[in-house]
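Trainee: Hi! Could we go through this structure together?
Mentor: Happy to, let's have a look.

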Amino acid sequence: MKTLSTVSAAAAIGIDRKALDNALAREGRSLILAGRQGRSRQIPVAALERIAVAFVLNRDLGVSIAKGLELAERVLAAPSEPIAIGSLGALTFDVARFRRTLELAVDEALESVAEPPRGRPRS
């Protein structure tokens, strides 16, 4: 399973690393692998898709990240069908285009983002 660090994942979806860290700590604990103290979180690409959809919905529609993660799961589970929102609304999402765009962004982030050094500097 391909995983990304928080720094690379944030760069790929175009948000601040701290915003991603906060969203994962509050709403997305179940999406990420258990880590160790002092280590960067590792985010599976499948989880990054859900997180990215949630942030798109947050940015474009003002949906909370918690609700966005819930909707993202439904959107990604049925990519070609509209998702019912309430009794009168429906959400359609171009999942194929989104996945292509995210894949390119992940590749670019992996090439261009330098991971910050961890631990004490050598003396």
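Trainee: To start, how many helices and strands does the chain have?
Mentor: The secondary structure comes to five helices and four strands. Keep in mind that this is a predicted model.

Trainee: Thanks! What pattern do they follow along the sequence?
Mentor: Reading along the chain you get β-α-α-β-α-α-β-β-α.

Trainee: And what share of the residues is buried?
Mentor: Buried residues make up 35% of the 123 residues in the chain. The accessible surface comes to about 8,100 Å², and carbon and sulfur atoms hold 50% of that.

Trainee: What about contacts, how much comes from residues 24 or more positions apart?
Mentor: Such pairs account for 54% of the contacts with a separation of 6 or more.

Trainee: Let's go inside. How many residues are in the largest nonpolar core?
Mentor: That core has 33 residues. Ile13, Leu20, Ile43, Leu48 and Ile51 have the most contacts inside it. The helices α1 (6-13), α2 (17-26), α3, α4 and α5 each supply at least two of its residues.

Trainee: Which of them gives the largest share?
Mentor: That is α3, with eight residues. As a general point, nonpolar side chains in soluble globular proteins tend to be buried together.

Trainee: Can we stay with α3? Which of its residues are buried?
Mentor: They are Ala47, Leu48, Glu49, Ile51, Ala52, Val53, Ala54, Phe55 and Leu57.

Trainee: What is the end-to-end reach of α3?
Mentor: With 17 residues, α3 reaches 24 Å from its first C-alpha to its last, close to the 24 Å expected at 1.5 Å a residue. Just after α3 comes Gly62, which takes a positive phi of about 75°.

Trainee: Now α1. Is that helix mostly covered or mostly open?
Mentor: Mostly covered: seven of the eight residues in α1 are buried. These are Thr6, Val7, Ser8, Ala9, Ala10, Ala12 and Ile13.

Trainee: What covers them?
Mentor: The cover for the buried residues of α1 includes β1, α2, β2 (42-44), α3 and α5.

Trainee: And what follows α1?
Mentor: Gly14 does, and its phi is positive, near 75°.

Trainee: Switching to charges: how many salt bridges are there?
Mentor: The count comes to six. In general, side chains of opposite charge can pair when their charged atoms come close.

Trainee: Let's take Arg99. What does Arg99 pair with?
Mentor: Arg99 forms a salt bridge with Glu49, and the closest N and O atoms are 3.1 Å apart. This pair links distant parts of the chain, with Arg99 in helix α5 and Glu49 in helix α3 (residues 45-61), 50 residues apart.

Trainee: Is Glu49 buried or exposed?
Mentor: Glu49 counts as buried because its relative accessibility is 15%, and the cut-off for buried is under 20%. Arg99, at 32%, counts as partly exposed.

Trainee: How about Lys2, where is its partner?
Mentor: Lys2 meets Asp107 in a salt bridge, at 4.0 Å from N to O. Lys2 sits in the segment before β1 (3-5) and Asp107 in helix α5 (residues 95-112), 105 residues apart. Lys2 is partly exposed at 44% relative accessibility, and Asp107 is partly exposed at 33%.

Trainee: And Glu70 with Lys67, how are those two placed in the helix?
Mentor: Their side chains meet in a salt bridge at 3.1 Å, N to O. Glu70 and Lys67 are three residues apart in helix α4 (residues 65-77), so about one helical turn separates them. Glu70 is partly exposed at 42%, and so is Lys67 at 37%.

Trainee: Last topic, rings. How many aromatic pairs turn up?
Mentor: A search of the whole structure finds one. The ring centres of Phe93 and Phe98 are 5.6 Å apart and their planes lie at 70°, so the pair is edge-to-face.

Trainee: Are those two buried or exposed?
Mentor: Both Phe93 and Phe98 are buried.

Note on methods. Residues are numbered from 1 along each chain as its sequence is written. This is a predicted model: local features need pLDDT of at least 70, side-chain atom pairs count only at pLDDT 80 or more; totals for chains, interfaces and linings use all residues. Side-chain values use heavy atoms; hydrogens and water are left out. Buried means under 20% relative accessible area, exposed over 50%, partly exposed in between (1.4 Å probe, protein chains only). Contact means heavy atoms within 4.5 Å. Accessible areas come from the Shrake-Rupley method with a 1.4 Å probe; for residues, only the protein chains shown count as cover. A nonpolar core is a set of buried Ala, Val, Leu, Ile, Met, Phe, Trp, Tyr and Cys residues joined through side-chain atoms within 4.5 Å. The expected span of a helix is 1.5 Å times one less than its number of residues. Rings of Phe, Tyr and Trp (its six-membered ring) pair if their centres lie within 6.5 Å; planes under 30 degrees apart count as stacked, over 60 as edge-to-face and the rest as tilted.
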